[in-house]
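Subject: Structure handover

Hello,

I am passing on the structure we spoke about, together with some notes on what was found in it. Please have it open while you read.

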Amino acid sequence: MYKVLLVDDEILVREAISENIKWGELGFELVSVCENGKDAMEYLEENPVDVVLTDICMPYADGMDLSRYVYNHHPQTSVIIFSGYSDFEYAKQAIQYKVAEYILKPVTARELSEVLLKIKEKLNVERKEEQKYDKFKKAYYSYTKNESLIISKTLSCLVKGTQRTEKSIEELAEFNVSIQGDQYRVVAVDIDVYSDLYEIDDDLKKESALMAFVVENISNEIMKNHSAGLAYRDSDNRVCMLFYVSKARKLSLEAMEICKEIQDTVYETMKLSISIGIGKTVSTLEELSKSYKSAVELLKYRYTKGSGVLLDGEVEFQTGNSVALEKEFKKIAESLRERDEAKLDDALLHVEKWMVEGYNTRNVVVAYLHQALRIVSDAVREVEDQYQLKEETLAEITDAKRFEQAMSFFREHCKNAMKIISGAGKTNGQHQAELAMEYIEDNYGDPNLNLNQICDYLNISTSRFSSIFKEATGKTFVEVLTSVRMERAKSLLRKTSLKNYEIAEKVGFSDPHYFSIAFKKMTGKTPKEYARNKE
């Protein structure tokens, strides 16, 4: 039985829902009813439930407040909102709190029953996943205390060559593990979300240990089914596999097929993407470290290839023709000198394509992008001799975890370079007016933004600025600032359900009343009238 909490400030609604729904037959139990969101939050602190049924308009704390509370404090609980027609659009904003269903009043017993059955299907799936997770968790804690951990450590020493082969074999024999074959291959497996492609906090590190254990178990089961070898957990929660077969079997093809099966099974079971590098084939146990190193090296290609790769060390990978890349770098420089944005975009696309389609490690890509940055900087210095490439820009590229991030930083730098070069051909006044417009666009939400502030930014007198700004835009600074703020306000009124004072604050008005006056003066309508008409 799943537990349900009903929340509504109308007693007739509470009684009707309580009495007309066949809770037990549907697989639910109505454990309590509350008159408002505040009472419901207090109840949930001591009595967690599976489903919350709530009205949206209630005193003290409404349905949105309750949905927010559930989202933050009881993320496993499903929320069903029912509301009147007038606030239904407002209710749909609750999608940010992952509300499961919205029902329009009046709510019929049949309609609510159908929704509950739909929610039950979702809860059944989640419960099965939780049970599966708990099963793995229990097995994991058992694993950390038994012989499997010792076997993994011994296999790691054998594969990395950090211990004499004979000693490793003897230690494995004590646990009835025998490794015999004419061919060997080591496979390295990373769970992508926990890898060095992403930032990992302490909580994720703890979770990664459990998930690595799951991947190890799945890999071991499939390896045993194929009589191909065994899997073990290496340091840093990386899973490895050791293939060992006789020469009569085609290890190269078999390893790829088995690894693909493991990759698919892990995703189907745990919805985890894993990347796999299959090391080169070796003929002796003493050479295992060579196979291991080649497997780990393959995983470095994920920087450009992304998650879920499956790479075979026996395949010859092409890094790409560096001459072709150099030509694209020259095109970038040419596009900047010619102030041709379309040509710049085309060259950047070709650079990105070259990086992704070739097999390049992070170090190689970073070196090429640093070279390109210097080429771009040289082009800028032709028109702005004081321009210098900042160390922070180089560091952004170097520190990027993934290629998409590094390429985004490089693309942004090229766009900025184009702005500088394009601005160099204009009068100083035009350039400063454009900079002022960009500053207003970026800072219109600051209620303290004023003429002195922007003049300090441009290092220009207020009288000089007012003159060149009016000449360039046809408007005063205040007129432009007010116009920008009102356009943002209109957008927020059309697309959100924020209250007037919230919108006023977001667009730079500290006084909501003054905001309403200014808005009506510019649009001919109050903010409320504008929002109602959705013009």
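Tyr 184 has Tyr 244 in E8 as its bridge partner. The setting for this pair, in what is a predicted model, is the pairing of strand E6 (residues 183–191) with strand E8 (residues 239–245). Seven bridges join E6 and E8, and they run antiparallel.

Helix H7, covering residues 147–160, packs on the sheet and touches E6, E7 and E8. The direction of H7 makes about 105 degrees with that of E7. Helix H10 (residues 251–270) also packs on the sheet, where E6, E8, strand E9 (274–278) and E10 are touched. Between the directions of H10 and E9 the angle is about 170 degrees.

As for the sheet itself, it is open and has five strands, in the order E7-E8-E6-E9-E10. The pairing is mixed. Strand E7 (229–233) and strand E10 (310–312) form the edges, each pairing on one side only. On average, and with direction ignored, neighbouring strands here are turned by 15 degrees against each other.

Strand E4 is a separate point to look at. E4 spans residues 78–83, and six of its six residues are buried, so the strand is largely enclosed by the rest of the structure. Five bridges join E4 to strand E3 (residues 51–55), and the two run parallel. One of the residues concerned is Asp 55, whose bridge partner in E4 is Phe 82.

The last item is a helix pair. Helix H13 (residues 322–337) and helix H15 (residues 362–381) pack at an angle of about 25 degrees, and their axes are 9 Å apart. Because of that angle, H13 counts as roughly parallel to H15. Their crossing is right-handed.

From H13, the contact is made by Ser 322, Leu 325, Glu 326, Phe 329, Ile 332, Ala 333 and Leu 336. H15 contributes Tyr 368, Gln 371, Ala 372, Ile 375, Val 376 and Ala 379. Sorted by class, the contact between H13 and H15 has ten nonpolar, two polar and one charged residues.

Regards

Definitions and conventions:
Residues are numbered from 1 along each chain as its sequence is written. This is a predicted model: local features need pLDDT of at least 70, side-chain atom pairs count only at pLDDT 80 or more; totals for chains, interfaces and linings use all residues. Side-chain values use heavy atoms; hydrogens and water are left out. Two strands pair if DSSP finds at least two bridges between them. Helices (H or I, at least four residues) and strands (E, at least two) are DSSP runs, numbered from the N terminus. Axes are lines fitted to C-alpha atoms, for helices over the stretch in contact, and angles run from 0 to 180 degrees between N-to-C directions. Contact means heavy atoms within 4.5 Å. Angles under 35 degrees count as roughly parallel, over 145 as roughly antiparallel, 65 to 115 as roughly perpendicular and the rest as oblique. A crossing is left-handed if the near helix is turned anticlockwise from the far one by less than a right angle, and right-handed if clockwise. Ala, Val, Leu, Ile, Met, Phe, Trp, Tyr, Cys and Pro count as nonpolar, Asp, Glu, Lys and Arg as charged, and the others, Gly among them, as polar. Buried means under 20% relative accessible area, exposed over 50%, partly exposed in between (1.4 Å probe, protein chains only).
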